[in-house]
Amino acid sequence: MNKDKIWLSSPHMGGNEQKFVNEAFEQNWVAPLGPNVNGFEEDIKNYLFKESGKEGAVAALSSGTAALHLALIMIGVKAGDEVLCQSMTFAASANPIAYLGATPIFIDSEEETLNLCPNQLRIAIEDRISKRKKPKAIIAVHLYGMPYQVEKINEIAQEFDIPVIEDAAEALGSTYKGGKCGTFAEYAILSFNGNKIITTSGGGALIAKSQTNKEKAVFLATQARDAAPHYQHSEIGYNYRLSNISAGIGRGQMQVIDSRVSARRQMHDFYVDLFSEIEGVKVFEAPNKDYFANHWLSVITIDENKTGGINREDLRLHLENLNIESRPLWKPMHMQPVFEDAAFYGTGVAEQLFKNGLCLPSGSNLTEEERNRIKSGILSCFSNRS
């Protein structure tokens with residue numbers, strides 16, 4: 001195995017990140033505030049809201065997890081409350097519920113978008129209310145950059161007067177009916193982790209509907225320090241602000257966001273073409289033209305009954321032997337040991353997706369040579385079918 005590793009999703013710099021970082025050093029703005037933080041927030045705000053006519057404000061934070069934690073606090077989630085959460089997602093979607101001493105209630109996926117199932121969501125809400133446990137919030141995830149069923153989820157949320165938190169950690173650049181993901185709920189969160197569509201090394205953002213709510217979130221994110229000449233605190237605060245250095249990376253990344261989305265979508269098309277004649281493999285695609293996915297990660301599902309016995313794990317291990325990274329879909333939260341006692345509402349869709357689904361290399365910086373290696377590796381695996 002002497003060839004360089006092909007990663008699932010690696011950072012991709014655009015060129016101007018260093019300029020913004022150098023400016024921070026030259027001006028000695030290395031603290032978790034400064035011109036880059038302000039500029040990065042404005043860049044994200046313009047990208048999300050400028051063409052929509054919607055109002056919104058952005059707080060740059062240390063991670064998407066921090067943003068979700070603050071969103072739950074802003075909504076008023078407290079110990080003993082219940083929060084509905086998509087089960088098929090990364091643990092960071094659910095962990096902040098536990099931070100607050102609240103209880104996660106997990107909801108199954110539907111097959112069209114792999115996201116929160118509206119039918120199971122309704123069943124869960126009605127059942128929890130019948131038990132006198134009305135949920136305090138709904139966490140809906142745009143999984144792998146595919147928008148969830150925004151209108152259906154929001155209609156149910158409004159019917160029962162339960163606020164939605166939009167987990168758009170994987171979905172910057174995705175749209176639903178022309179609206180940008182991150183603008184559909186009272187609060188939304190973004191992630192700029194090293195493997196995301198753009199990165200600040202580590203970091204995230206909280207999207208709020210109003211400047212007032214953004215300012216309250218920033219107050220909590222900076223240790224909730226009261227307006228006084230001395231250090232005075234009337235509320236519990238957190239150290240969640242993004243550094244000016246990291247925000248400088250983000251400013252450079254925002255200049256190339258459109259090209260990064262385009263490149264990821266081209267990788268998705270590459271897989272559609274590659275698997276078009278391989279029976280039993282389905283490339284996950286948007287249900288219709290209302291959905292525009294950034295295809296942060298390209299996803300396939302494998303039916304071993306149609307592939308001659310080759311399953312998801314066979315392909316993953318075959319690629320691993322060729323120094324090509326691929327990963328199973330997120331293991332659903334209700335299957336995780338840490339949440340084994342949590343309630344779950346579903347029909348087994350998420351379990352099947354986890355069993356049969358695989359994420360393939362999707363980076364915007366993959367070269368033609370690397371794509372050829374991926375293609376050869378996949379074809380060689382399926383040529384061995386029985």
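In the predicted model, residue Q158 is placed in helix α6, which covers residues 150-160. Its relative accessibility is 64%, so Q158 counts as exposed. Between Q158 and F25 there are 133 residues along the chain, and their C-alpha atoms are separated by 47 Å.

F25 belongs to the part of helix α1 that meets helix α8. Helix α1 consists of residues 17-26, and its axis comes within 7 Å of the axis of α8, with a crossing angle of roughly 150°. Angles over 145 degrees count as roughly antiparallel, and α1 and α8 are therefore roughly antiparallel to each other. The crossing of α1 past α8 is right-handed. On the α1 side the contact involves E17, F20, V21, A24 and F25, while on the α8 side it involves N244, I245, G248, I249, R251, G252 and Q253. Sorted by class, the residues of this contact are six nonpolar, four polar and two charged.

Two further helix pairs were examined in the same terms. Two packed helices are described by the angle between their axes and the distance between the axes. Helix α10 (residues 312-321) packs against helix α12 (residues 368-382) at an angle of about 130°, and the axes are 10 Å apart. The two helices, α10 and α12, are therefore oblique to each other. Here too a right-handed crossing is found, as α10 passes α12. From α10, the residues D314, L315, H318 and L319 take part, and they meet G377, I378, S380, C381 and F382 of α12. The contact of α10 with α12 comprises five nonpolar, three polar and one charged residues.

For helix α3 (residues 64-75) and α7, the packing angle is about 115° and the axes lie 10 Å apart. The passage of α3 across α7 is a right-handed crossing. The residues L70, I73 and M74 of α3 make this contact with N213, K216, A217, L220 and A221 of α7. By class, six nonpolar, one polar and one charged residues form the contact of α3 with α7.

Most residues other than glycine have a negative phi, and most peptide bonds are trans. Q223, located in the loop between α7 (211-221) and α8 (244-254), has a phi near 70°, which is positive although the residue is not glycine. A224 lies in the loop between α7 and α8 as well, and its phi, near 50°, is also a positive value in a residue other than glycine. The accessibility of each was then considered. Q223 has a relative accessibility of 39% and so counts as partly exposed. A224, by contrast, has a relative accessible area of 0% and is therefore buried.

In soluble globular proteins, nonpolar side chains tend to be buried together. The largest nonpolar core of the model has 64 residues, and those that touch the most other members are I44, L121, I138, L172, L190 and I207. Helix α2 (residues 35-49) gives the most to this core, contributing six residues. I44 touches V58, L190, F192, A205, I207 and M254, when residues up to four places away in sequence are not counted. Another core lies apart from this one; it has 34 residues, including A71, I75, A94 and I165.

D108 is located in the loop between β3 (103-107) and α5 (118-130). Buried means under 20% relative accessible area, and D108, at 0% relative accessibility, therefore counts as buried. D108 and Y345 are 237 residues apart in sequence, yet their C-alpha atoms are 6.1 Å apart in space. With neighbours within four places in sequence left aside, D108 is in contact with N115, L116, C117, Q120, F344, Y345, G346, T347, G348, V349 and A350.

E166 is part of strand β5, residues 164-167. Its relative accessible area is 0%, and E166 is therefore buried. Besides T183, the contacts of E166 beyond four places in sequence include A140, H142, Y148, C181, G182, F184, A185, Y187, A188 and I189.

Definitions and conventions. Residues are numbered from 1 along each chain as its sequence is written. This is a predicted model: local features need pLDDT of at least 70, side-chain atom pairs count only at pLDDT 80 or more; totals for chains, interfaces and linings use all residues. Side-chain values use heavy atoms; hydrogens and water are left out. Axes are lines fitted to C-alpha atoms, for helices over the stretch in contact, and angles run from 0 to 180 degrees between N-to-C directions. Helices (H or I, at least four residues) and strands (E, at least two) are DSSP runs, numbered from the N terminus. Angles under 35 degrees count as roughly parallel, over 145 as roughly antiparallel, 65 to 115 as roughly perpendicular and the rest as oblique. A crossing is left-handed if the near helix is turned anticlockwise from the far one by less than a right angle, and right-handed if clockwise. Contact means heavy atoms within 4.5 Å. Ala, Val, Leu, Ile, Met, Phe, Trp, Tyr, Cys and Pro count as nonpolar, Asp, Glu, Lys and Arg as charged, and the others, Gly among them, as polar. A nonpolar core is a set of buried Ala, Val, Leu, Ile, Met, Phe, Trp, Tyr and Cys residues joined through side-chain atoms within 4.5 Å. Buried means under 20% relative accessible area, exposed over 50%, partly exposed in between (1.4 Å probe, protein chains only).
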